[in-house]
Amino acid sequence: MATKKSELSKDKIVSMYMDYVLEHNEKPKSVFKFSKINNITEKEFYGFFGTIESIEKEIFNMFYEKTIALLHKDKDYETYDMRSKILSFNFTFFELLTANRSYVLLTLKESGNQLKNLMQLSHLRTSYLEFVSNTITEDIKTKQEKLQNIQEKAIQESFWFQLLLTMKFWMDDSSPALEKTDIYIEKSINTAFELMNVAPLDSLIDFGKFLFKEKIYSK
């Protein structure tokens, strides 16, 4: 059933797009084709998005925005330390990805082109780096100054890389309820913080054992 033009919005177009991709097992070949099949005009489409590719980027950023909105529904969230905020983000973010797993797997595995995948995640990356920057506490900054005077940018990039690695693990996870991804999130983030505290041995060994077990027993 066609969506009434008066109801058209960015969210509606995103929903149309995700449905199209899942139903056709590929993204639309053109704005014209996408607009025609959804009974909207190209002008209406361009009122919200400039290209088909921009929808792809926006979808992953919308997962980020929804994650932040859900986190702030918890009145205690602002009292969390940096580690707890990063953990909460990851758990919530991957719950949203899991709720849309068919779409995410299809789009990120579509071409096997890692550069293309990173382009799809470019808006997410910008938002996530800002999130990490806003989450870095004075305590962490002080520790970094005492150690190697690591730039805030390096901390942001390290957590972005950790998020990418978690996405890769999540995509390959076949455990019930994707429970191994939850374990991966906790162990990898704990390891990241231990590294910043220069006391990494216990967490590195624990995380290493987990990864080794996954590689051995998943074959």
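Visitor: Which residue forms a salt bridge with Lys-27, and how many Å apart are the closest N and O atoms?

Guide: That would be Glu-53, with the closest N and O atoms 3.1 Å apart. Keep in mind that this is a predicted model. Lys-27 sits in the loop between helix H1 (10–24) and H2, while Glu-53 belongs to helix H4 (residues 52–71), so the pair ties together parts that are 26 residues apart in sequence.

Visitor: Which other salt bridge does Lys-27 take part in?

Guide: Lys-27 also meets the side chain of Glu-56, at 3.9 Å from N to O. Here too the pair links distant parts of the chain, with Glu-56 in helix H4 and Lys-27 in the loop between H1 and H2, 29 residues apart. Shared partners join Lys-27, Glu-53 and Glu-56 into one network.

Visitor: Are Glu-56 and Lys-27 buried or exposed?

Guide: Both are buried. Glu-53, on the other hand, has a relative accessible area of 35%, so we call it partly exposed.

Visitor: How many salt bridges does a search of the whole structure find?

Guide: It finds 7. Another one to look at is Lys-29 with Glu-26, at 3.5 Å from N to O. Lys-29 counts as exposed because its relative accessibility is 62%, and Glu-26 is partly exposed at 27%.

Visitor: On to the rings. What describes a pair of aromatic rings?

Guide: Two things: the distance of the centres and the angle of the planes. In this model the count comes to 18 aromatic pairs. Take Phe-34 and Phe-45: their centres are 5.8 Å apart with 75 degrees between the planes, which makes the pair edge-to-face. Phe-34 is in helix H2 (residues 31–37) and Phe-45 in helix H3 (residues 42–46), 11 residues apart. Both of these Phe residues are buried.

Visitor: Why is the pair of Phe-159 and Phe-193 tilted?

Guide: Because the planes are at 50 degrees, with the ring centres 5.4 Å apart. Phe-159 lies in helix H10 (residues 152–172) and Phe-193 in helix H11 (residues 179–196), so parts 34 residues apart in sequence are tied together. Phe-159 and Phe-193 are both buried.

Visitor: Which residues form one aromatic cluster?

Guide: Tyr-64, Phe-89, Phe-93, Phe-94, Tyr-128, Phe-131, Trp-160 and Trp-170 do.

Visitor: And charges over rings: which residue lies over the face of Trp-170?

Guide: Arg-101, at 4.5 Å from the ring centre.

Notes. Residues are numbered from 1 along each chain as its sequence is written. This is a predicted model: local features need pLDDT of at least 70, side-chain atom pairs count only at pLDDT 80 or more; totals for chains, interfaces and linings use all residues. Side-chain values use heavy atoms; hydrogens and water are left out. Rings of Phe, Tyr and Trp (its six-membered ring) pair if their centres lie within 6.5 Å; planes under 30 degrees apart count as stacked, over 60 as edge-to-face and the rest as tilted. Helices (H or I, at least four residues) and strands (E, at least two) are DSSP runs, numbered from the N terminus. Buried means under 20% relative accessible area, exposed over 50%, partly exposed in between (1.4 Å probe, protein chains only). A charge sits over a ring if NZ of Lys or CZ of Arg is within 6 Å of the ring centre and within 35 degrees of the ring normal. A salt bridge is a side-chain nitrogen of Lys or Arg within 4 Å of a carboxyl oxygen of Asp or Glu.
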